[in-house]
Amino acid sequence: MFSAADHEYMAQALRLAEQGLFGTSPNPRVGCVIVRDGKVAGEGWHERAGAPHAEAHALRAAGSLAQEATAYVTLEPCSHHGRTPPCADALIAAGVARVVVAMRDPNPLVAGQGLARMKAAGIQVESGLLESAARELNIGFVSRMTRQRPWVRLKTASSLDGKTALSNGVSFWITGPAARQDVHRLRARACAILTGIGTVLADDPRMDVREVETTRQPLRIVVDSQLRTPVTAKILTGGKTLIVGSVADKAKISRLEGAGAEVIILPDATGQVDLARLLIELAEREINEVMVEAGCTLNGALLNAGLIDEWVMYTAPVLLGDHARGLFDVPELTEMSQRREVTIRDVTMVGQDIRIRVLLA
């Protein structure tokens, strides 16, 4: 169905889409390549929300050469008016003869309508080329559109014996500089960084992006049932911070809001923060990807609730011993049948450390 040239041009479009990895949220990352007579006539990618879409950039670059050309797009061209006009209409107006799409748009406002509109206009439309790569690029957007919750990516850094800190809480540094820079790339692609009050009190982290260039900082979120976050905490500076509690203490809320934080109260039946409801709240705020950097308590709560989709584990070639702190606070298993199986997607060396990517969804 698809030729070698089709694969080559769609791969090029995906590489273009990756250039928007840190900046398009809440929109998807999209690339477009327009080809006529075996030559690239124009290309583009979506850079940020509110800016022209990938197709608009590519059509502008191609000019009159778009007539009778083939457009390779990593996501179905939109068919509705949002911040920008419909891209399906732009491709039709430009006289494109063929459109090859990697994947259909899961957004209910599009969901096949863009493809149908172009077909009705006489354009040859094909979809499904390198779909898995396109889906992976927009895994959070797909999650929000299809499950009404963001994609949750847990990051941990541990020793070979599965320890994240010494028994006294000291954890700097287990992994090396290459791994830490890699973590900042994950932060930069995330819409929000989620941590717990234990980590805030123990480490006073900033939870921002510093090691890579980015045009935006992700939202910082602290799960803090009793609203104990100090007003001097570094996580309250340099960007937006959301404190999620379970007790509506007006004095504490006023104190935190005075320090620049937004506070919401989401209690569950046990008096803790309702983590599942929090994810729904974040999806309603157009959060696509959440990166979790927390301690064993919050990690365990998310794992027990089935709310972790992906686990990125950085393992350093060191041993910390039995009394050091572990990865998850979870109930003891008494039968092997209770074990949880996961899918290992890839294993990569990052400097002297090992990065293991695991899927739990």
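Good morning. I begin with Ser158, which is located in strand β6. Please bear in mind throughout that this is a predicted model. Is Ser158 buried or exposed? Its relative accessibility is 1%, and because the cut-off for a buried residue is under 20%, Ser158 counts as buried. Leaving aside residues up to four places away in sequence, the contacts of Ser158 are Lys163, Thr164, Ile174, Met313, Tyr314, Thr315, Ala316 and Leu327.

I turn next to the strands that pair with β11. Strands β6 and β11 run parallel and are joined by four bridges. Within this pairing, Leu154 has Val292 of β11 as its bridge partner. Strand β7 also runs parallel to β11, with three bridges between them, and here Ile193 stands opposite Met291 of β11. As for the side chains of β11, Glu289 and Met291 point one way, while Val290 and Val292 point the other way. All four of these residues are buried.

Just after the helix, Gly306 adopts a positive phi of about 70 degrees.

Let me now move to the aromatic residues. A pair of aromatic rings is described by the distance of the centres and the angle of the planes. How many such pairs does a search of the whole structure find? The search finds two. In one of them, the ring centres of Tyr9 and Tyr72 are 5.4 Å apart and the planes meet at 40 degrees, so this pair is tilted. It links distant parts of the chain, with Tyr9 in helix α1 and Tyr72 in strand β3, 63 residues apart. Both tyrosines, Tyr9 and Tyr72, are buried.

The other pair, Trp311 with Phe328, is edge-to-face, at 5.1 Å centre to centre and 85 degrees between the planes. This pair too links distant parts of the chain: Trp311 belongs to strand β12, Phe328 to the loop between β12 and β13, and 17 residues separate them. Trp311, at 14% relative accessibility, counts as buried, whereas Phe328, with a relative accessible area of 22%, is partly exposed.

A last item concerns a charge over a ring: Arg180 lies over the face of Trp173, at 4.3 Å from the ring centre. Thank you for your attention.

Technical notes: Residues are numbered from 1 along each chain as its sequence is written. This is a predicted model: local features need pLDDT of at least 70, side-chain atom pairs count only at pLDDT 80 or more; totals for chains, interfaces and linings use all residues. Side-chain values use heavy atoms; hydrogens and water are left out. Helices (H or I, at least four residues) and strands (E, at least two) are DSSP runs, numbered from the N terminus. Buried means under 20% relative accessible area, exposed over 50%, partly exposed in between (1.4 Å probe, protein chains only). Contact means heavy atoms within 4.5 Å. Rings of Phe, Tyr and Trp (its six-membered ring) pair if their centres lie within 6.5 Å; planes under 30 degrees apart count as stacked, over 60 as edge-to-face and the rest as tilted. A charge sits over a ring if NZ of Lys or CZ of Arg is within 6 Å of the ring centre and within 35 degrees of the ring normal. Two strands pair if DSSP finds at least two bridges between them.
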